[in-house]
Amino acid sequence: MFRGPRVSELLNVGAAVISFAAAIPLTVLSADGPHHYWANYILIDMLGAWVALCAAIVYLLASIYAVGYMRLIGEDAKLWGFYALFALFALTIFACVVMNDAGLYWIAVELTTLVSTFLVGFERAAESIEAAWKYIIIVSAGISLALLGTVLFYWSGSFVLGPTYQMTWDVLREAAPKLNPHLVTLSYLLVLVGYGTKVGLAPMHTWLPDAHSESPAPISAMLSGALLNAAMLGIVRYLAVADGAGIGLLARTTLVAFGIASLLVGTLFIVRQNGVKRLMAYSSVEHMGVIALGFGFGGPLGVVGALYHMLNHSLNKSLMFFGAGNIMRSLGSKDITSLRGVWRLFPVQGALWLAGAVAITGAPPFGLFLSELVILRAGLSQSFAWAVYIMLVLLIVIFVGFLNHFRVMYFEPEGRKAAARVSAWCVAPMWLSLIPLFILGVWWPHAIWDYLTAVARMLAGAGS
Amino acid sequence: MLTAQLDPLAASLFSLMAIASLVLAFVMLGSRWLNNYLYAFAAESWIIAALSASVAYYGGYPELYLIALLTALFRGLFLPFLIWRIMRRLDVSRELHEILQPSSALVVGALGVVFALIVAYRIGDSIGLASRVAVLALTVMLSMKLIGFLMLAVRREALSQILGLLVLENGIFLGAQILIPGMPLLIEIVILFDLLIIVACFGVLIQYLVANVGSTSSRDLKRLVG
């Protein structure tokens, strides 16, 4: 009975609504201090709750969208498997976010890869299988570096804490000032490169454009808006340990360097891109670079900006992938040059998608403008001015390059008629992501500002 | 700290096993036949199991006997069996288009070991490690990592890439037995199971590769670029 396509999509949407409804109280619960459950294996803190909220929003939007989108694919018989994996994927992401033990966090991240590989390859075309294979090989290899880093962190802690201890984030941070700085440097760099592979920081990003462009559109949104943040969380938590161990400057400079590299790679490939979903994928590389810069700059402004950027990017990138999926399905092509006349053929969703494109390049009046502005200010106040100038130039180039592709799609004369119309299931989530994005752009609620500054204090106070 | 108060016999036993598994990694690097890789991997896993057992005996960590047993079962028997099944189905017996000749790969691998040794010595110096076993374990850990990445980089066959990943994991596991024998049991067991799931996933994916791409060599995976 659970294998019916309509039943399974309903179950998935139900699960998403429940996770969203559960994620909001989590933020309230965590506001009065971290909570530990299950013999200290589960941690609900403000940082984790925020990332969980971003993931839950994307899961909700993507599962609504999937109802309409997956019906277009016409594989009803296999849909139950798709939705089972979809829900499991969301579950593994939530598991990453709440893991208190660094070793178990690693395992949760690894599990997200294994589950999502089959979602990436779901359509079984040669391209999607190729993308899935590259995804699992590159990410598993990368993440094994993170395992080595985790083991070395444990080893460095064993000089202080004895041979057997539970390596929770708090324990690591408290022990940090007594750890050997050389060993912590080596371990931190391994962890950064390892989880950086999963985040899609350049030059370890190579799996990302393939996986994001070949998976079904709702999965692309999940990968980009939820998974990358969950992996970034690990880097942020280790960064706090590195700060405590007195190698903060080195740790931050490497993170900033990866951020700049990601922005640069993102820019170059955005300007000369022809695949519409690959364009969105490289934009994810770019935005992960921006978030890495925010955390790398540090200080209250940097952390607040990066966390706000996470939320905005999750909303906005979902919108972009939904729009891309709709247009690709309707016009039957993946290439920007053959997707033309969008404006005339789809006035309403075309307008939504265009507004999203303006937003994702960081233009006002949308949320990403505010968060990028805060990150830029953070960099100036933290003596990373060189990175700020590079970032500014690259953001301007991206603005021009990205919107030029939209000019081609919207205003060049069309070549073909729309083949299929998409249902309201596919358009509603675009509204649901654009409206909050606009609100967050014109009004930064005080509650959110206070919440994010509290996270920043938590991360900064960790070392002392 | 286990490595601080070892008796000489245990120290030399640990060193012997660590070096033996490094040599087996070189066997994998220097061959182009897939079944050689597989035998070397299985032998390496058995050595790691023996190492766990001897750490359990000399270090007084009885729970490591369980790990030794599970390592022998999973890494030594079950994983090679899974890979052997994939190999038999695929009808691929050797690496056809290596980027680097096995002989050159050996030289590069040796350079990797030298690099790992330098890093391990510097770390060892800064901690003030008395025992050479810990430095050796760190060296083997890092060099197996480098050799695994080298195998991933210069081999094209899907099976070689899986085995390359498994060498990466073996290196970490081996080092962890010597450096941090006290690591919580739960984590070690979960990582072992995780490995099984990974290989099962690879098995399914390889079937898809054969069915939908028509090849298991990453030479033919070049539809997605740019």
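Okay, reading along the sequence, chain B goes α-α-α-α-α-α-α. That's 7 helices and 0 strands, where helices (H or I, at least four residues) and strands (E, at least two) are DSSP runs numbered from the N terminus. Quick housekeeping: this is a predicted model, so local features need pLDDT of at least 70, side-chain atom pairs count only at pLDDT 80 or more, and totals for chains, interfaces and linings use all residues. Residues are numbered from 1 along each chain as its sequence is written, with chains lettered from A and ligands numbered from 1 in the order written.

Now confidence. The model scores ipTM 0.94 and pTM 0.94. Chain B averages a pLDDT (the predictor's confidence in each residue, from 0 to 100) of 88, and 98% of the residues score at least 70.

As for overall dimensions, the C-alpha trace of chain B spans about 55 × 35 × 30 Å along its principal axes.

Next, the contact between the chains, with two residues in contact if their C-beta atoms, placed from the backbone, lie within 7 Å. Chain A puts in 38 residues and chain B 37 residues. On the chain A side, α4 (102-120), α5 (126-161), α7 (181-199) and α8 (207-214) each supply at least two residues. The largest share, 19 residues, comes from α5(A).

And inside chain B? Among contacts between residues at least 6 apart in sequence, 75% join residues at least 24 apart.
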